[in-house]
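Let's take a walk through this model together, starting with one chain and working towards the details.

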Amino acid sequence: MTGVSTYDKMRDPSEKTLGFLLLAPAFLLLALIVVYPIGRLIWNSFHDLRLSGGGGIKFVGFENYVLVFKDPDFWNAAKNTVLITLITVPGALVVGMGLALLANLPFKHKWPVRLALLLPWALPLAFAGLIFAWFFHTEYGVVNDVVRRVASPSEPVMWLLRPNWAFAAICLTIIWKTSSFMALILLAGLQMIPKSLYEAAEVDGASQVQQFWQITIPMLMPSIIVALIFRTITALQTFDIPYTMTKGGPGNSTETLAMLIHKTTIDYLDVGYGSTLAVFMFVLSMFVTAFYLKRIGRNA
Amino acid sequence: MTNIWDSKSLRLIAAGIVVINGFFPAVWILLTSLKTEAELVSKPITYWPHNPTLANYVQAFTDQPLLKYLGNSVTVALSATIFSLLVSALAAYAIARLNLKRRQLILTCIVASSMFPLVTLLVPIFETMRTLGLLNSYTALVLPYIVLNLPVCTLVLVSFFQSIPKDLENAAMIDGCTRMGALVRVVVPLAAPGVFTAGILAFVNSWDEFLLALSLNSNPNFRTLPVGITLYQGEFTFPWPIISAALIVAIVPIAVLIAIFQERVVGGLTQGGLKG
């Protein structure tokens, strides 16, 4: 190539400047929307800062942190958030795996199955919450109609009106909504497993169950871990579905950390305390991310 | 050994399970939207509407400014998409093409931003927008949405840029193009499929976002669809046929979009996901 030298001359002095210019918009926005807010959040958490009324900003040290530990609402919301994560992440993985295995079969037309996996992914979480709230309606919901036909209980199940049933309904909704994304990621992983592995196993006389555990699962591990990271981080932030299904009720039995933070800051305008709650949430997510990253490091 | 999935009818059942799982909520909402209020509260409940009516659709547009919400959602999602593409295309080009040290670190920084929970950023973003007088504006949502879309768009675009042979660009520059000229005339057209894929993902993300839209834009003039539709329910009343009609209106555009471009969407999702 004769042009390389010209090209090299052209690029040499400007390369760094050009890179700087091209990356500047992205990093300016990251600074404004991510980095500055995190700093501001920590600063807020050490202050008594309310946007309602005229009170000024007062430095209070660790007072907000002490309050968080004594706050039963915080512990309740933290418990709900962790429970939702522990139930819906494995739940979505199992359902998503089932959907992916079914969707991976050799169909003549692939689009109906593909669209069926994409639609729940594209549906806003808030809409999924609204739709499933209607499904779980005590009097006119389709779920209770099916329950009545199958089990004919003496009284209809009060899905969204009883704490435990409401919690179950919310978890089922989250699992339905999120398992499709899981399935799409796993499906892509399944399609990358070489067919020859299965053929070889077949020759060796391995059963389908053995093939699943000895070939499919190990080969799928990278996809599974990626899907789990995404899902866990979003599960910890659960807001839209309980907000639209129960508003955190009955009482605050289905209130998540994200809902408590939102209520404290946006509704009550108590920015100082809300920020402290958010710091706890932040630390929780970082722990989870670090845990997964460590696992990835070990697997790689 | 015979594979049980060789049977065509079993394969049909498998496809049926996946399809029903994906479509039943939308179908049920569609059926609900066609029922009259009287039919809805009859017991036992009906599955198929007896006297299908479109009255709920009319009411969905008159009870709440649904058309305004739709317009707001389109404006916000479209502007967020365009700006996300612009910002991430520049960054992705620098990462994929320039001879930079620590390019992997730069990419990791951008992708890691998606690890921070949005709700923890909500409070300071709310304060910032309030200070800047941007609460209840399109900008209040578009700015954070660009950042929200940045990781996945950058990942998709980096891998597309990397797949374009460098020689093509060099040839253009030998022929007298500037570096920017080569970018616009050679790289961008070749990366168009990638830009398109990233664009759809950005659009769906922005269209679906709820928490920021709820917190930053409470004024009806700037409300987006997901927030607006939760407002049909009163304190004690849930006008389900009307909510269902509004939901159908809101779901159809996004459903059509992903139906047309499904292969691209799947490709982009798995690419963004598996590389992250």
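Chain B has 14 helices and 0 strands. Read from the N terminus, its elements run α-α-α-α-α-α-α-α-α-α-α-α-α-α. Please keep in mind that this is a predicted model. The C-alpha trace of chain B spans about 75 × 70 × 35 Å along its principal axes. Of the 276 residues in chain B, 46% are buried.

Now bring helix H7 of chain B, residues 138-162, into view, together with helix H10 of chain B, residues 192-208. These two helices pack at an angle of about 160°, and their axes are 9 Å apart. An angle over 145 degrees counts as roughly antiparallel, and H7(B) and H10(B) are therefore roughly antiparallel to each other. The crossing in which H7(B) passes H10(B) is right-handed. On the H7(B) side, the contact is made by B:Tyr145, B:Leu148, B:Asn149, B:Val152, B:Cys153, B:Val156, B:Leu157 and B:Phe160. From H10(B) come B:Gly194, B:Val195, B:Thr197, B:Ala198, B:Leu201, B:Ala202, B:Asn205 and B:Ser206. Sorted by class, this contact of H7(B) with H10(B) has 11 nonpolar residues, 5 polar ones and no charged ones.

H7(B) has another partner to look at, helix H5 of chain B, residues 103-112. Here the axes come within 7 Å and cross at roughly 145°. H5(B) passes H7(B) in a left-handed crossing. From H5(B), B:Leu107, B:Ile110 and B:Val111 meet B:Leu150, B:Pro151, B:Thr154, B:Leu155 and B:Val158 of H7(B). The residues of this contact between H5(B) and H7(B) divide into 7 nonpolar, 1 polar and no charged.

B:Leu247 has partners in both chains: leaving aside its neighbours within four places in sequence, B:Leu247 is in contact with A:Phe127, A:Leu130, A:Ile131, B:Ile29 and B:Ile229.

That brings us to the contact between the chains. Chain B gives 79 residues to this contact and chain A gives 74. Helix H1 of chain B, residues 8-33, supplies the largest share of the side of chain B that touches chain A, with 14 residues. By class, that side of chain B has 61 nonpolar, 14 polar and 4 charged residues.

A few single residues are worth a stop. A:Asn44 lies in helix H2 of chain A, residues 14-45. Is A:Asn44 buried or exposed? With 25 other C-beta atoms within 10 Å, A:Asn44 is buried. Not counting residues up to four places away in sequence, A:Asn44 touches A:Leu49, A:Val271, A:Gly272, A:Ser275 and B:Val123. A:Asn44 and A:Phe59 are 15 residues apart in sequence, and their C-alpha atoms are 9.1 Å apart in space.

For another setting, visit B:Thr131 in helix H6 of chain B, residues 118-131. B:Thr131 is exposed, with 9 other C-beta atoms within 10 Å. The C-alpha atoms of B:Thr131 and B:Thr230 are separated by 28 Å, and these residues are 99 residues apart along the chain.

Finally, have a look at the backbone in two loops. Most residues other than glycine have a negative phi. A:Leu269, however, has a positive phi near 60°. This leucine is found in the loop between helix H12 (257-267) and helix H13 (271-299) of chain A. A:Leu269 counts as partly exposed, with 15 C-beta neighbours inside 10 Å. In chain B, the loop between H6 and H7 holds B:Asn136. B:Asn136 has a positive phi of about 60° although it is not a glycine. With 15 C-beta neighbours inside 10 Å, B:Asn136 counts as partly exposed.

Methods:
Residues numbered from 1 in each chain as written. Chains lettered and ligands numbered in written order. Predicted model: local features only at pLDDT ≥ 70, side-chain atom pairs only at ≥ 80, totals over all residues. Axes fitted to C-alpha atoms, helices over the stretch in contact; angles between N-to-C directions. Helix = DSSP H or I, 4+ residues; strand = E, 2+ residues; numbered from the N terminus. Parallel < 35°, antiparallel > 145°, perpendicular 65-115°, else oblique. Left-handed = near helix turned anticlockwise from the far one by under 90°. Contact = placed C-beta atoms within 7 Å. Nonpolar A, V, L, I, M, F, W, Y, C, P; charged D, E, K, R; others polar. Buried ≥ 20, exposed ≤ 12 C-beta atoms within 10 Å, placed from the backbone.
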